[in-house]
Amino acid sequence: MELAFDEKDFLACCGSTRFATEMAKASPFPSFQAAVPAARDIWFNKVDVNGWLEAFSAHPQIGETKSVASGKSDTSAQWSKGEQSTALATATGSSLQELSDWNVRYKQKFGFIFIICASGRTSPEILAELKKRYSNRPIEEFQIAAEEQMKVTELRLAKLFSAREHMASTGDQGPAGLGKKAEDRVSIIGGHLTAISEVSSNKMPQRTARSRPPITTHVLDVSQGCPASGMDVRLEMWRGNQPRPLFGEAEVGGWILQGVSSTDKDGRSGQLMDIVNEITPGLYRISFNTSKYCPSGFFPYVSIVFEIRETQKQDHFHVPLLFSPFSFTTYRGS
């Protein structure tokens, strides 16, 4: 089945009018994988300098919500908000101010805003990259910004194709429905991120008799904007000869299984360990069998290692996974 899109669809992925026009001409595409080479050829070989700058101006500056240019699509704005969610969730008042100051310095030097594929990146990581790239020569930085724009475009193309495939399966073919579906996915993910943020801010009751295990998880498929059901999950604790696993060294026999489960229709796993008032401090590893959920995806599995300290043994740890076939982001609330 080939999927057809119009210029408005592609303009939400990349703010260059020339890019959107050329992609619409090349449409339909049999798959996302077939669209990416065409998109890269158009972006790097057919879009001129003015088109690159037009695309850059469609983005909000890191730490802000409105793009430099007006009149951009609601879908693009929602996607930008989702892409910056990790940065905003990890930012403080002072770090946002520092980002703003460096954004001004960057634009004064290069003439365009700082472009980076922000998905999954924290505020400190982005600020460090901004400072590093500030020392580049203008021609070098212009090329790097174009490459970062292409990364963003590919992520959004994945969302675009995912939404259209979903609509095809449900019979909703209207272009207006595409924007609505994309916004719905962002809203679903945003709701989960808000809940995670509240956990991280200790807004949940602490140090009470437990009604659930001290470690829980759930998985969201950000490409679909829905929970990822049927994914196998394993929880292990480090009990090796070394106090902790060492980077780059074999970990034979060091991890002890605590429990296994599979995510339900809400993307939440079943019970991975006993319900105890105090969890044993130490290093834990939670692993997700992403290849079972998406056999053709980039990740065969994902493992997250985290440490629970003596002072945290009465806390609750929620370790959700924001996953797509192409990337993942984790948050931990305690």
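**View 1. The largest cavity has a volume of about 120 Å³.** This is a predicted model, in which local features need pLDDT of at least 70 and side-chain atom pairs count only at pLDDT 80 or more, while totals for chains, interfaces and linings use all residues. Residues are numbered from 1 along each chain as its sequence is written, and side-chain values use heavy atoms, with hydrogens and water left out. A cavity here is a set of points, on a 1 Å grid over the protein atoms alone, where a 1.4 Å probe fits but cannot get out; lining residues have an atom within 4 Å of a point. Grid points are joined across faces, edges and corners, and the volume is the space filled by probe spheres set on the points. Of the 13 lining residues, H59, P60, I62, Q84 and I116 lie nearest the centre. Helices α5 (74-83) and α9 (138-170) each give two or more residues to this lining (helices are DSSP runs of H or I, at least four residues; strands are runs of E, at least two; both are numbered from the N terminus).

**View 2. The second largest cavity holds about 40 Å³ of space.** Look for C13, C14, G15, A55, A58, H59, S76, Q149 and R156 around this cavity.

**View 3. Four strands make an open, antiparallel sheet in the order β5-β4-β6-β7.** Strands count as paired if DSSP finds at least two bridges between them. At the edges, β5 (255-262) and β7 (302-308) each pair on one side only.

**View 4. Strand β6 (residues 282-288) meets β7 through seven antiparallel bridges.** Here you can find L283 opposite E307 of β7.

Methods
1 Å grid on protein atoms, 1.4 Å probe; cavity = no way out; pocket = protein on both sides within 12 Å on 5 of 7 lines; lining within 4 Å.
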